[in-house]
Amino acid sequence: MAGPTIDALGQFTLTTGLGGLGRAVNFTNSNEAMLGAAVVVVLVFALGLRSRALVPGRTQSLVELLYEFVRNMCVDTIGEEGLRFFPLVFTIFSFILLGNLIGLFPYFFAFTSHIAVTLTLALFVFVFSTGVGFYTHGFKFLKFFVPSGVPSWLLPLLVPIEIISYLSRPVSLSVRLFANMTAGHVMWEVFAGFMLLLTASFGVLGAFASVVPLGLNVALAALELLVAGLQAYVFAILTCLYLHDAVHMH
Amino acid sequence: MRRVSTALLLALAPSAALAEGTMPQMDFANPLTLDQVGWMAVILVVLYLLLSRWGLPEIGKVLEHRAGVIAKDLAAARAAKVEADQAVAQLNATIAQARAAAQAEVAKAVADAKADAAAKAAALASQLEAKLAESEARIDAARAAALAAIKPVAAEAASSILLKLTGSQPAEDKLAQRLDDALAARKAA
């Protein structure tokens, strides 16, 4: 007899979503989750803006809290010029946060666990912040790679290091988010599969023993909730940091 | 049994599980892997436009309006406090003024009363003094009268005593002399 096996990676398989229409234009199940995330963000804004009360209700407080959180992050990290990039940072932050949170629900796709998605986002941030750097400072932006206050004979060593560390930014930015989300979801799946294996192998005894992986999954759920928020925050604040470097060059 | 031990191994080392199967994330032969990125770009652009043109400015307006209302209320409260402080200062000044006036009034009344009493006491004293002087004068007059009356009696008694003792009439002027001496001595004593 063929017992259950652990398929920890099947959850990341891309299929087409939205029925026949989606199949025709290759609209994937991850895009469904993205659309869901965007719709939730817009819906929360619409609900929060419904009353525009002087003393805000719950939904309005939530939206205002998010607004001020990201706005302060921009101003504190980039400076007053950061307000120009506030809508962009807010879009990225809310999109990743909702993507992470939606992915935590069973049967929902976690699109931030796809390296293609996170790498695209990270490359966009990288290219955009580099563009801002050249737009703000012209070719003087290249001085960013020449650390000030070091003896000139060290420069041939330091400049390549600076360039490599700059170029590795999109890699670390994308892999951090991708690896965190993937690892969490794989662990969940592995422990859940382990429960099925225990039950299939030891019957009633195994079913009772499954309490251990179940408890581990409950604990993991709390951890994953933290990771979902934290990684969205890390992605947003690093975006702000890169924009700070582009605007201020130090 | 054997399957369980492999499962244990897999559970303890998720990296082993990753190595075993191919990751769908790395399957770039699947056109969907890159197609999802295109749709993500579309969704993100729409989300960005909605948030930057509508959502965020509207929330900003709500927050700005609230900050304005709070600032206005604070300014009004501050003005009211200044006004109240002024009224309190004015009240205190009025009270101090009234107290000073009352104290002056009391002091004046006390001084008046004192002066009045002193005048009355002086008048009474002078009246008493006059009465005293008058009484003394009367006493002196009475004494002088008494002394004057005692002299002829004493002279008569002395001449009669001398007559009975000696049988001779004393000399009138000598007797008067001795009487005066005796009276003066009695007076001095």
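What percentage of the 189 residues of chain B count as buried? The share is 16%. This value, like the others below, comes from a predicted model.

**Chain B**

Chain B is built with four helices and zero strands. Reading along its sequence gives the pattern α-α-α-α. The chain exposes about 14100 Å², and carbon and sulfur atoms supply 66% of that area.

**Helix α3 of chain A**

Helix α3 of chain A covers residues 58-78, which makes 21 residues. At 1.5 Å a residue, a helix of this length should span 30 Å.

Just after α3(A) comes A:Gly79, which takes a positive phi of about 105 degrees.

A:Ser174 belongs to helix α7 of chain A, which runs over residues 169-209. Is A:Ser174 buried or exposed? Its relative accessibility is 1%, and buried means under 20%, so A:Ser174 counts as buried. Leaving aside neighbours within four places in sequence, A:Ser174 is in contact with A:Ile115, A:Thr118, A:Leu119 and A:Ala122.

The table gives the angles.

| Residue | Phi |
|---|---|
| A:Leu18 | about 55 degrees |
| A:Tyr107 | about 70 degrees |

Neither residue is a glycine. A:Leu18 sits in the segment before α1 (19-25) of chain A. With a relative accessible area of 46%, A:Leu18 is partly exposed. Where does A:Tyr107 lie? A:Tyr107 is in the loop between α4 and α5 (115-137) of chain A. Its relative accessibility is 88%, and exposed means over 50%, so A:Tyr107 counts as exposed.

Notes. Residues are numbered from 1 along each chain as its sequence is written. Chains are lettered from A and ligands numbered from 1 in the order in which they are written. This is a predicted model: local features need pLDDT of at least 70, side-chain atom pairs count only at pLDDT 80 or more; totals for chains, interfaces and linings use all residues. Side-chain values use heavy atoms; hydrogens and water are left out. Helices (H or I, at least four residues) and strands (E, at least two) are DSSP runs, numbered from the N terminus. Buried means under 20% relative accessible area, exposed over 50%, partly exposed in between (1.4 Å probe, protein chains only). Contact means heavy atoms within 4.5 Å. The expected span of a helix is 1.5 Å times one less than its number of residues. Accessible areas come from the Shrake-Rupley method with a 1.4 Å probe; for residues, only the protein chains shown count as cover.
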